[in-house]
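Dear colleague,

I am handing over the structure below for your attention.

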Amino acid sequence: MTQKVAVLGTGKIGEALLSGMIRGGWALADLLVTARRAERAEELRTRYGVTPVTNAEAAKTADTLILTVKPQDMGTLLDELAPHVPADRLVISGAAGIPTSFFESRLATGTPVVRVMTNTPALVDEAMSVISAGTHASEADLAHAEEIFGAVGKTLRVPESQQDACTALSGSGPAYFFYLVEAMTDAGILLGLPRDKAHDLIVQSAIGAATMLRDSGEHPVKLRENVTSPAGTTINAIRELESHGVRAALIAALEAARDRSRQLASGNNS
């Protein structure tokens, strides 16, 4: 871990990544941050002991640049960085929907670019980060990206053509589960439970179910069948979910998220 890494635009995800790298053993001297507001930069310095710099300073001195600004701000950031980024810098983008070609066309010819779609469980070191190589990215560049994002969860390599699907499934995925928990909590209240008790029941059930999915090696259908006894409570609930088209609605929702990711890639931010 001797390379200098700069996190540019250090918001929630950028800060989660920064803190994960520190916990993973990265030296503070090798970590730089940038922030739009001076008070945010000072907050990061106080909290983590890292060095805030300008975007231009980061581009000149860091070996790896991790760009975590919002997609609509990426073009402006690249315009600022381009004069200062040598072709041997590794550029990692965490912006949803923006292809590596967008960066390659604005930076020095031959600049290696890696595209990463992570998600908010990075805040608790349980992220799923999906990694794709640009035209000039090497195996070493991909391995370096995996080392960085592995500090906050799991990583998976995919062809860039699959990034929009991964954004729909994983990047946006936590929101779907939060939405489901919200709906189930409301149902618990309707059934006569206090909100806090309904919340605790559902959250622990979700944690247990996720752990079983991860550790048991069983197909989700098999795990569901194990809970679904003949003429029991669960099969009646499943029947209602099917009759209301929940499965079809989920598929349609994921397709809509995928399509929006494609729109962002085409430059449609409206």
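**The annotated spans**

Helices here are DSSP runs of H or I with at least four residues, strands are runs of E with at least two, and both are numbered from the N terminus. UniProt positions are given in the numbering used here, feature names are shortened, and annotations may be inferred rather than shown by experiment.

The unreviewed UniProt entry also places "domain: Pyrroline-5-carboxylate reductase catalytic N-terminal" at residues 4-97. That span is 40% helix and 19% strand, with its end C-alpha atoms 27 Å apart.

Please note that this is a predicted model, in which local features need pLDDT of at least 70 and side-chain atom pairs count only at pLDDT 80 or more, while totals for chains, interfaces and linings use all residues. Residues are numbered from 1 along each chain as its sequence is written, and side-chain values use heavy atoms, with hydrogens and water left out.

**The chain as a whole**

The protein chain has 12 helices and eight strands. Its C-alpha atoms fill a box of roughly 70 × 40 × 35 Å along the principal axes. Of its 270 residues, 36% count as buried; buried means under 20% relative accessible area, exposed means over 50%, and partly exposed lies in between (1.4 Å probe, protein chains only). Contacts are heavy atoms within 4.5 Å. Among those between residues at least 6 apart in sequence, 63% join residues at least 24 apart. The chain exposes about 14800 Å², of which carbon and sulfur atoms supply 59%; accessible areas come from the Shrake-Rupley method with a 1.4 Å probe, and for residues only the protein chains shown count as cover.

**Salt bridges**

The structure holds 17 salt bridges, each being a side-chain nitrogen of Lys or Arg within 4 Å of a carboxyl oxygen of Asp or Glu. Arg115 takes part in a salt bridge with Glu160, the closest N and O atoms being 3.1 Å apart. This pair links distant parts of the chain, 45 residues apart: Arg115 is in strand E6 (residues 113-117), and Glu160 is in the loop between strand E8 (153-157) and helix H7 (163-171). Glu160 is partly exposed, at 23% relative accessibility, whereas Arg115 is buried, at 6%.

Arg115 also meets Asp164 in a salt bridge (3.6 Å, N to O). Because Arg115 lies in strand E6 and Asp164 in helix H7, the pair ties together parts that are 49 residues apart in sequence. Both Arg115 and Asp164 are buried. Elsewhere, salt bridges that share partners join Glu15, Arg40, Glu43 and Arg47 into one network.

**Helix H2**

Helix H2 (residues 38-48) has Arg40, Ala41, Leu44 and Tyr48 as its buried residues. Seen down the axis of H2, these residues fall within an arc of 105°, so they line one face of the helix; the arc is that of the directions from the helix axis to the C-beta atoms. Their cover includes helix H1 (12-23), strand E2 (31-34) and strand E3 (51-52). The face turned away from the buried side carries the exposed residues Ala38, Glu39 and Thr46. The side chain of Glu39 forms a salt bridge with that of Arg37 (3.2 Å, N to O), and Arg37 is partly exposed, with a relative accessible area of 45%. Just after H2, Gly49 takes a positive phi of about 80°.

Most residues other than glycine have a negative phi. Asp125 is not a glycine, yet has a positive phi of about 60°. Asp125 is placed in the loop between E6 and strand E7 (127-133) and is partly exposed, with a relative accessible area of 29%. Ala231, likewise not a glycine, has a positive phi of about 55°. Ala231 lies in the loop between helix H10 (220-227) and helix H11 (233-243) and is exposed, at 77% relative accessibility.

**A buried threonine**

Thr185 is found in helix H8 (residues 173-190) and is buried, with a relative accessible area of 4%. Not counting residues up to four places away in sequence, Thr185 touches Arg195, Ala198, His199 and Ile202.

With kind regards
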